[in-house]
Amino acid sequence: MSILSQAVIDSLPYLFPGIVTTLGLVLIALGIGLVMGIPMALIHVYGSRPLQYIIKTYVWIFRGLPILVLLFLFYFGIFPLLGLYISAFWIAAVVLGFRTAAYQSEIFRGAIISIHDGQMLAARSLGMSRSQAILHVILPQALRNALPGWTNEYPILLTDSSVCYAIGVAELLTRGNQIVARIHEPMTIFILIAAIFIILNYSGQWIFARIERRYRIPGYGEGDSR
Amino acid sequence: MMTDEIILRVEDIHKRYGENEVLKGVSFDVQRGETKVFIGPSGTGKSTLLRCINQLTVPDSGYIWLNGEEVTHAGPRINQYRQKIGMVFQNFNLFDHLTALGNVEIALLRVKKMNRQEARKKALMELEQVGLSDKVNSYPAELSGGQAQRLSIARALAMDPEVILFDEPTSSLDPELTREVLEVMRRLARNGMTMLIVTHEMGFALSVANEILFMEHGLIVEKGPPSEIPTSQNFTRTRQFLGSFQD
Amino acid sequence: MTMLNFDFELLLPVLYQGALVTFGLILVSAPFGFLNGILIAVGRVYGNRFISTLCHGYVLFFKGCPLLLLLFIIYFGLPSIGITFTAFTSAVIGFILCNGAYNSEYLRGGIQSIPSGQMTAALSLGMSRNQAIRNVILPQALRRSLPGLSNEFIYLIKYSSLAYMITVVEITGAGKTFATKYFAFFEIFILIGLFYLGLVTIAGYVIGRVEKRIAIPGFGRK
């Protein structure tokens, strides 16, 4: 560690809360996205026309806007306009969550559509209602199929979370910038933060890959179900 | 049509994949205008042998000579030799992103550096030779298997090769489509093209070959003119193989 | 529109200038990001061990490092070791590096999806390996990776907004500055949002047309 100056080493502890904040943003957003994404996908596939249209518009807007514009819009525009004064952290988490919900609903929708028609027919032939069939037969399969696409939201959210710097959330990049302002070693600090992001990124992906493997059903997902 | 001039010499070719020795020393000479047909059980190295000739598979040892020039160890010059050694594959390997015309033209343009007009003229001529004049602008996916294989023959012919290697050209075709491809090959043989053919089409082999080479376990075990097969001592093993074929 | 506490005629030229910068960022970055992607992908698939590992490392780094941090490194970090670029150039460099890494993944998938017989056939006609890659493999791989590349182009449009964070006054920056001055965040960011939605939607439509245009019968979807 001798290549790092004492000033850099002394400032390291200041980065750790940033890691917690960054991971907090990502995990909360993933959760919001999951809770919103699944019903949105179900409505998109099985809902009435007007409901489908609402979901489509939501997805179009939240996938079409840059994350920076969304953050500015909600932080400076929508929340103050609604008279809601909550912390930048929670606004950021909500915005990231709303956005990943749009992407996640598309992932789940694709997975639902990919389930063979025969599954619904078979379930109905057993006397299940439509919603029972969706809940007990279609959705469990669709969620497994969606897992690889879903876990891909993690690296996207992790890298996007750094943009929350723009509204002053004290995540990793923000804290890094604060250190840079104090000790004027931008290159060292930035590379250090890049290394932390990269480690968080790939170790997280590794964990998700483990989860994926655990939930795999033998012979499932290798061909289409009949 | 056959002359005494030896255009291709294959000398003691060995090839091994791990534990499995596929070619155990194969040698033969090819005279200009000759058609040699390789037969034998599958997995005896016939296709590997063809690929060794134009170095798509590099043999472990042995030599290939084309017109007295060594093809093995040719370095970058191998591309020039490959132009003179055409190849037709079992599964066509047509360039799926190009039309029939494009498939024939591309090597003329990029390898022979012909200009557009020359290349086009030449390609159209070759397509006509194989009866594909009405498919010039079709893509490979729009062709039947027989048309696709005729196209790949035209692609090889366009380079004016001195010898063409056919690697089981009809194995992935229905009998009906097989016939139209064999017809084209028969005509090539009549016109004096030098050809090395790996095939399971025995009727065709017997009628078109100047020499039949029976390969087994990585070696040429019997060879001679097809007329000798029914009676000669030279072809005892071949007759046995063909007999089991008919059962 | 009487509720607006700013003059529309003041806003429009500001946004127009910003939009021009946004277009500039995208139009300069996209072609080089594309070329960069091809180089990395070809290096990874066809390069020797060293080059292939290098290209793999490149992809891991630039996909793992947040784009905003990359822009900071280029614009605020590099000057400390004596390399200085203007803000616009820094942004473009960052976009090219990042866009190339993502593009290369799609292109690599495209290249690897091409059956090996295509290379064999090209070599049998006397093409060199390079000629075969250029004339036979890449044209097919490009078509296969087009949906992914289009996606990345759309991302590039959206992420061009990050250039504002290193002082490039593109449309988001222009809007933000104006909004701060007249305290009209909601209205202005709705406008800017519409700009991006329009741009992304039009780009998606044009790309769809192009894909149809260059589609080849029986080729592509696999």
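I began with the contact between chains C and B, where 20 residues of chain C meet 21 residues of chain B; two residues count as in contact if their C-beta atoms, placed from the backbone, lie within 7 Å. On the side of chain C that touches chain B, α5 and α6 of chain C each supply at least two residues, helices being DSSP runs of H or I of at least four residues and strands runs of E of at least two, numbered from the N terminus. By class I noted 9 nonpolar, 10 polar and 1 charged residues on that side, with Ala, Val, Leu, Ile, Met, Phe, Trp, Tyr, Cys and Pro taken as nonpolar, Asp, Glu, Lys and Arg as charged, and the others, Gly among them, as polar.

I kept in mind that this is a predicted model, in which local features need pLDDT of at least 70 and side-chain atom pairs count only at pLDDT 80 or more, while totals for chains, interfaces and linings use all residues. Residues are numbered from 1 along each chain as its sequence is written, and chains are lettered from A and ligands numbered from 1 in the order in which they are written.

I then turned to the contact of chain C with chain A, which takes 31 residues from chain C and 27 residues from chain A. The elements of chain C that give two or more residues to this side are α2 (49-64), α3 (67-77), α6 (129-159), α7 (171-182) and α8 (185-213), and the largest share, 9 residues, comes from α8(C). I recorded the classes of the side of chain C that touches chain A as 22 nonpolar, 7 polar and 2 charged.

Next I looked up how α5(C), residues 116-124, packs on α6(C): their axes come within 10 Å and cross at roughly 155 degrees, the axes being lines fitted to C-alpha atoms over the stretch in contact, with angles from 0 to 180 degrees between N-to-C directions. That makes the two helices α5(C) and α6(C) roughly antiparallel, a label for angles over 145 degrees. The contact is made by Q118(C), M119(C), A122(C) and L123(C) of α5(C) and A132(C), V136(C), I137(C) and Q140(C) of α6(C), which I classed as 6 nonpolar, 2 polar and no charged residues.

Last, I checked chain A, whose secondary structure comes to 9 helices and 0 strands, and whose C-alpha trace spans about 70 × 45 × 20 Å along its principal axes. Of the 226 residues of chain A, 36% count as buried, that is, with 20 or more other C-beta atoms within 10 Å of their own, the C-beta atoms placed from the backbone.

Technical notes: Angles under 35 degrees count as roughly parallel, over 145 as roughly antiparallel, 65 to 115 as roughly perpendicular and the rest as oblique. A residue is buried if 20 or more other C-beta atoms lie within 10 Å of its own, exposed if 12 or fewer, and partly exposed in between; C-beta atoms are placed from the backbone.
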